[in-house]
Amino acid sequence: MMADSGPKEVAVIGNTELTSAELDNNIKNTMVEIEKGTNLLRKMEISVAEAEKRTGKNTVNMQEMYTVYLIETRPVDALTEGITPDSLWRRYSEFELLRNYLLVTYPFVVVAPLPEKRAEIVWHKLSADNMDPDFVERRRVGLENFLHRVASHPVLCNDNIFYIFLTEQDKDWKEMVYETGFQAKADSRLKAVNAAFRVKNPDGRFTELKHYSDELQTVLSQLLRVRARVADRLYGVYKVHGNYGRVFSEWSAIEKEMGDGLQSAGHHMDAYAASVDDILEEEEHYADQLKEYLFYTDALRAVCRKHELTQFELEMVALDLAYKKQQKEELVTGTVRTFSLKGMTSKLFGQETAEQREAKLQVLEQQLKEGEEAVKEKNTESDEFVKTAWVDIERFKDQKDRDLKEALISYAVMQISMCKKGIQVWTNAKECFNKM
């Protein structure tokens with residue numbers, strides 16, 4: 001869990017310093033206002049009802065097989081206005097485009113991740129083929145979960161592009177997305193890395209969040225790998241019980257008095273060995289829940305990168321303004337405070353005339369005015385970003401704690417149930433042996 005900042009910690013928002021308590025109070029007030037807003041799931045039922053394999057030509061005119069997913073929407077009740085039952089098919093790549101659009105358009109939001117495109121961190125009997133029916137089914141569930149995350153988000157649920165994605169098949173949805181110009185707004189990875197290294201006054205909270213997301217990714221990856229190794233061994237243990245069933249069945253054939261008991265015990269062992277497939281299939285559901293938060297760590301880092309870039313841009317315009325002010329001071333006083341080409345030129349060729357200085361001073365005055373406006377604008381942008389981002393981060397933290405707690409408890413309950421079934425099998429076998 002992310003550690004809470006101490007009561008004396010100060011967050012720098014633009015040029016404004018707020019204590020943790022003041023920032024937390026601002027966040028709580030904003031969250032209350034947001035919670036008064038709409039939630040699309042209150043008006044519309046959304047489901048990814050089924051998946052279907054299709055074949056078609058790709059961008060290079062080659063035949064390929066792909067999967068499409070049926071999205072069904074309907075009003076929650078007969079009193080809901082403005083929503084009619086509808087259904088349409090979407091490819092995974094269209095879900096990817098939707099999420100990329102949301103990431104760029106709402107950089108202050110921890111946007112829910114998509115389910116994995118290809119199976120990763122799986123136990124050896126599980127297929128890594130992205131066309132495998134079991135994998136496609138798990139992805140279908142994951143895509144439905146993604147739509148529910150977006151539809152229940154207080155900001156994203158109001159996005160028109162998202163609504164059209166759900167309800168309008170006939171329109172060229174991709175063209176509409178590209179017409180928003182979101183790609184031009186996307187920050188390059190190199191630009192973000194440059195900002196991360198050069199920002200001088202990073203917000204401690206975002207630095208802490210970045211470190212937390214790295215650590216969360218590490219522990220969840222380790223947990224999933226441990227779970228995969230346990231699943232491999234569990235599968236072997238269960239399947240080897242089928243050997244008990246075979247041996248007991250062969251033994252029963254040569255016994256007269258003990259035959260029925262041995263054969264019944266063998267049947268129980270066969271059933272026990274076969275049950276592992278359903279158990280591990282259920283386990284995959286919990287593994288997918290952990291994977292969702294493994295992928296959420298990238299969304300957290302995306303918010304941190306955007307903040308670093310915003311802070312870096314603010315620092316650059318502030319630095320440029322300070323330099324312009326120094327230039328004005330040097331021009332007015334006629335003294336050069338630092339070594340420069342201008343100072344060397346003055347010494348070699350003499351001072352500028354009064355008219356030249358006046359003309360340069362007018363240009364600097366205009367540049368200073370523009371620089372002050374730029375700093376003010378960047379300050380406002382930074383203030384707004386920190387405020388809205390931390391509102392969503394607090395929302396995400398509550399969601400994460402609730403979801404992971406529920407998933408871990410359910411997983412523990414499943415393990416207890418599995419052990420009880422194993423005990424019951426051996427109890428039944430014991431009764432079979434008692435009857436011999």
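Trainee: Which hand does the crossing have where helix 2 passes helix 4?
Mentor: The crossing of helix 2 and helix 4 is left-handed. Please keep in mind that this is a predicted model.

Trainee: At what angle do helix 2 and helix 4 pack?
Mentor: Helix 2 (residues 92-105) and helix 4 (residues 160-167) pack at about 165°, and their axes lie 10 Å apart. Angles over 145 degrees count as roughly antiparallel, so helix 2 is roughly antiparallel to helix 4.

Trainee: Which residues make that contact?
Mentor: Helix 2 contributes E94, F95, L98 and Y101, while helix 4 contributes I161, F162 and F165. By class, this contact of helix 2 with helix 4 has 6 nonpolar residues, 1 charged residue and no polar ones.

Trainee: And how do helix 2 and helix 3 pack?
Mentor: Helix 3 covers residues 133-152, and helix 2 packs with it at an angle of about 30°, the axes being 12 Å apart. Angles under 35 degrees count as roughly parallel, and helix 2 and helix 3 are therefore roughly parallel to each other. Helix 2 passes helix 3 in a left-handed crossing.

Trainee: Which residues meet there?
Mentor: From helix 2, Y92, F95, L98, R99 and L102 meet R139, L143, F146, L147 and V150 of helix 3. The contact of helix 2 with helix 3 divides into 8 nonpolar and 2 charged residues, with no polar ones.

Trainee: Changing topic, which residues touch the most other members of the largest nonpolar core?
Mentor: They are L98, L147, L166 and F206, in a core of 59 residues. Helix 10 (residues 276-333) supplies the largest share of this core, namely 10 residues. There is also a second, separate core of 18 residues, which includes L234, F248, M269 and Y286.

Trainee: What does L166 touch?
Mentor: Beyond residues up to four places away in sequence, L166 touches L40, M44, I46, I71, T73, L88 and L147.

Trainee: One more residue: is T67 buried or exposed?
Mentor: T67 has 6% relative accessibility, and buried means under 20%, so T67 counts as buried. T67 lies in strand 4 (residues 63-75). Leaving aside neighbours within four places in sequence, T67 is in contact with A51, E52, K53, R91, Y92, M131 and V136.

Trainee: Finally, how many helices and strands does the protein have?
Mentor: The protein has 12 helices and 5 strands. Of its 436 residues, 40% are buried.

Notes. Residues numbered from 1 in each chain as written. Predicted model: local features only at pLDDT ≥ 70, side-chain atom pairs only at ≥ 80, totals over all residues. Heavy atoms only, no water. Core = buried A, V, L, I, M, F, W, Y, C linked by side-chain atoms within 4.5 Å. Buried < 20%, exposed > 50% of the residue type's maximum accessible area, 1.4 Å probe, protein only. Helix = DSSP H or I, 4+ residues; strand = E, 2+ residues; numbered from the N terminus. Contact = heavy atoms within 4.5 Å. Axes fitted to C-alpha atoms, helices over the stretch in contact; angles between N-to-C directions. Parallel < 35°, antiparallel > 145°, perpendicular 65-115°, else oblique. Left-handed = near helix turned anticlockwise from the far one by under 90°. Nonpolar A, V, L, I, M, F, W, Y, C, P; charged D, E, K, R; others polar.
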